[in-house]
Amino acid sequence: MLSKYEVVIGLEVHVQLTTDTKIFCHCATRFGNQPNSQTCPVCLGLPGSLPVLNKKVVDYAILTGLATHCSIASRSLLARKNYFYPDLPKGYQISQLELPICEHGRLEIDSPEGERRTIGITRIHMEEDAGKLLHDSGAVSRVDLNRACTPLLEIVSEPDMRSSDEAIAYLKKLHQIVVYLGVCDGNLEEGSFRCDANVSLRPRGQKEFGTRAELKNINSFRFIKQAIDYEVERQADILDEGGRVIQETRLFDTASGTTRSMRGKEEAHDYRYFPDPDLVPLLVSEDWIEEIRNSLPELPETKIDRFVREYGIPRYDAEVLAAERATADYYDALVKEQGNGKLCSNWVMGEVQRALNDSGLPVAECPVAPRQLAGLLKRIEDNTISGKIAKQVFDAMWKSDRDADSIIEEQGLRQVSDLGAIEPIIDQILAANPEQVAEFRAGKEKLLGFFVGQAMKLTKGKANPAALNEVLVKRLKG
Amino acid sequence: MSLTDLTLRAIQQRLQARELTSVDLTRAFLDRIAAVDGRINAFLTVTGEQALADAALADRRLDEGRGDALTGIPLALKDVFVTEGVRTTCASRILDNFIPPYDGTAVARLKAQGAVLLGKLNMDEFAMGSSNENSGYSPVRNPWNPDYVPGGSSGGSAACVAARMAAATLGTDTGGSIRQPASHCGVVGLKPTYGRVSRYGVVAYASSLDQVGPIARDVEDCAMLLQAVAGHDPADATSVTLPVPDYCAALKDGVKGLKIGLPREYFIEGLDPEVQKALEQAIAALGDAGAEFVQVSLPHTDYAVACYYIISTAEASSNLARYDGVRFGRRVDRGQGLIDMFMQSRAAGFGPEVKRRIMLGTYALSSGYYDAYYLKAQKVRTLIRQDFLDAFDRADVLLTPVAPTPAFKLGEKTADPLQMYLSDIFTIPANLAGTCAMSVPCGVSAEGLPIGLQLIGRPFDEATLLRAGYAFQQTGDWHQRPAPL
């Protein structure tokens, strides 16, 4: 059915910035505090109050623009978007229309078919968020303006996506970038990263776009996919029956997995945008842009390439490690101390990740610092301990803040490699298991494992496996 | 001579010499308000107790030698200034019950100096009007003749000074709202350059035009009050960081060699003959004092009123959107839903002129009309500003009428809003150009109503404007004539 139509998707993402204070006043931006406790005359829209643009918001907008290959406007305008709503204290939202701060960017995504695709970014602009309405049971609604005037970036894509999977790939990529940059905490549930999707269909081969529906404010990647898939089917059904899709705003209903009409084109607001006369045009100098460019962190793509190239690890490992900036930073620091890229990636993806998951800690709060872990891994490499014992040492380090060497020494975990020390143990084992010795000598060579196991048991795992093997084979065959 | 007849400068000298206490002075002004304001209606709120308490504090400060320029001086504020804990209505019924939780910057600066605030002054609702008849309460009367309007929108501020109910007042000027009432009430009013005084805590009418300024007995008093409130404010993005000169320092340097431009477009047929005559005499007097006159042209003057009524109403339509009955101010809720509550609250709270301007402005910004109205008006505004900059290549200040006629009678123009709008024809261009301008008394009509002249200065050159105004004052005594109250 769908093969008749090509799906066209454009996305508008609202990213809530992590600045400490709001975009036009000094109030805090923390989430979840007592309603209206983080307000002042400015964000309450009291008569006489005036907005002053927070420079940090501009820094973050420029940073995001540079990370998505946008051109940064040397002069941009803040504009008023006028409409009435109880959560909008001034009766207008300060946003940008003409001359946004960033334009003409792009993002590379890998489509589900494994194809590299470029998605255009039309613009990125700064704006303030509205407050929140709390609807009590009964006829009462309350207004919480803590969120009013919280800084947002609206990132608008070109209609370049051709499936819900591509849309999700784009969103995940964008999400990763803004979190990487540190401009957004990426928390979808608290609304820090919200998405509206414009969806339309056109007969394959047709150049003009079909009529679109705008799907509003969907707060998880899964719901976005569901909403788009439902909408594609709905529009296809209409077109199949010879009907026409109408331009409208639709709300996604999470319970039923469907979308329903919120308002049509005729009911669309005339927002009467005009440049905000309370705010002067924003002038961004080349120096300012350069300063931000110099603070631009290495982004995932570059990092993955570098990990593969410099540390010689598989691409898969690099992608896992680079997915989160804190993990990548941890790994980077570890390899710089220790040197063995693959050993380090195994440990970060394995033991470190497992221990973090078990304790529910983020990487940034990992109790074993990269330098400490490097100390442990060095002892594996120089055969002081085996990999297995190393895990035991790691657990001890996790709980104690002590370094590997002191734990190895204290607990006597140093690997026994001295042939003189191993030989008597082997002799003891062979003497105690004459039947197995006979079977081995008769050709059942897989019994070697049994002898190794016995030896490890007796040495509490400390025997050097290579030395152990050497002695065993010599004794059994000799 | 009564205490209330003293100029701000004279009061300052006596207070600092401790020949006078602020408490006595404050009491004298409160008595004066009680005695005459029933006939003028300049005050919407009188804060007598607070004023006396502040006066006592000011006296202690002066006794301890810690006085500032305005310590202990009784002033009053147009009710457009947000005042912490004191009802601020903007003369609108929609803000009838509004008690702000904060002080604006200008008010805070006056308080920091220890000025005593007597109360809040009547005005045209949301500063929209030229006669004070648009007050949501009853109109202010002209102290020179109660049948006449005091001008607007800072009519209460001008009438208050003319009737000696405060040493000086602050007003705001969006299209002439300081200068025109100052002219009609025979006092001095100064609109500083846009950006000179912070607008933080001033209820907005038209953000790109509004500017705070003093209304006082004479030019020196204006200079002193401006000094106290001028200067950069980080809370107002449109306030400038330029240093503030000492406005009183060069006040008395005279006008010898000063080039005064006479814009051809302002001396037109239809100008009231008495206004014309008063201006001619003023020009002659300034010439005798050593000023040189040059003809200049401001060719886009004809478009100023139309341009102003598009830009100011467009901004107003947005600025006044916050009066929706949700968080403060008047709410009318018939239980018929949100939109109904918005509409009923605004219908009940705003007066007819405010509604008219909101509608005009909403129209001018609407999709499909924006380019033809708002954008075009902004382009015209640029041309008007350029007119002034060109004129200032040839002249240091410009001299013009303030208003085409002296004050008119109450009710005379209320039926014809266009006629009313035209009374601001000479004052509006300075707002559009963003430059500074001042009204100084220069005559009294046969009917006994004051006439003012307007001096327009280069952007941020209030000092020269004040010097020219002061020099003119030295040629006569118009500014010293009291209203026959």
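Visitor: How do you know what confidence the predictor has in chain B?
Guide: This is a predicted model, and pLDDT expresses the predictor's confidence in each residue from 0 to 100. Chain B averages a pLDDT of 96, and 100% of its residues score at least 70. For the model, the scores are ipTM 0.96 and pTM 0.90.

Visitor: Why is B:Lys191 called buried?
Guide: A residue is buried if 20 or more other C-beta atoms lie within 10 Å of its own. B:Lys191 has 36 C-beta neighbours inside 10 Å, and therefore it counts as buried. B:Lys191 is placed in strand S5 of chain B, residues 188–191.

Visitor: Which residues is B:Lys191 in contact with, leaving aside neighbours within four places in sequence?
Guide: The residues in contact with B:Lys191 are B:Asp173, B:Ile178, B:Arg179, B:Gln211, B:Gly213, B:Ala430, B:Cys436 and B:Ala437.

Visitor: What makes A:Ala227 buried?
Guide: The cut-off is 20 or more other C-beta atoms within 10 Å. A:Ala227 has 26 such atoms, so the residue is buried. A:Ala227 belongs to helix H3 of chain A, residues 221–240. Not counting residues up to four places away in sequence, A:Ala227 touches A:Ala197, A:Leu215, A:Ile218, A:Phe252 and A:Thr259.

Visitor: What is expected of the span of helix H8 of chain A, and what does the helix reach?
Guide: Helix H8 (residues 341–359) of chain A has 19 residues, and 27 Å is expected at 1.5 Å a residue. From first C-alpha to last, the helix reaches 26 Å, which is close to that expectation.

Visitor: Where does H8(A) bend?
Guide: The bend in H8(A) is at A:Gln353 and amounts to about 35°. After the helix comes A:Gly360, whose phi is positive, near 65°.

Visitor: Which residues of H8(A) are buried, and what do they pack against?
Guide: The buried residues of H8(A) are A:Gly341, A:Cys344, A:Ser345, A:Trp347, A:Val348, A:Val352 and A:Leu356. They pack against four helices of chain A: H5 (300–311), H6 (315–322), H7 (325–338) and H9 (370–381).

Visitor: How is chain A divided into domains, and how many residues of domain 1 are in contact with domain 2?
Guide: The assignment divides chain A into domain 1 (2–289), domain 2 (298–410) and domain 3 (419–477). In chain A, 4 residues of domain 1 are in contact with 4 residues of domain 2. Helix H2 (residues 164–181) of chain A supplies the largest share of the domain 1 side, 3 residues. The C-alpha centres of domain 1 and domain 2 of chain A lie 38 Å apart.

Visitor: How many residues are in contact between the domains of chain B?
Guide: In chain B, 20 residues of domain 1 are in contact with 17 residues of domain 2. The domain 1 side comprises 9 nonpolar, 8 polar and 3 charged residues. The C-alpha centres of these two domains of chain B lie 28 Å apart.

Methods
Residues numbered from 1 in each chain as written. Chains lettered and ligands numbered in written order. Predicted model: local features only at pLDDT ≥ 70, side-chain atom pairs only at ≥ 80, totals over all residues. Domains from an automatic or database assignment. Contact = placed C-beta atoms within 7 Å. Helix = DSSP H or I, 4+ residues; strand = E, 2+ residues; numbered from the N terminus. Expected span 1.5 Å × (residues − 1). Bend = angle between axes of the 7 residues up to and from the residue. Buried ≥ 20, exposed ≤ 12 C-beta atoms within 10 Å, placed from the backbone. Nonpolar A, V, L, I, M, F, W, Y, C, P; charged D, E, K, R; others polar.
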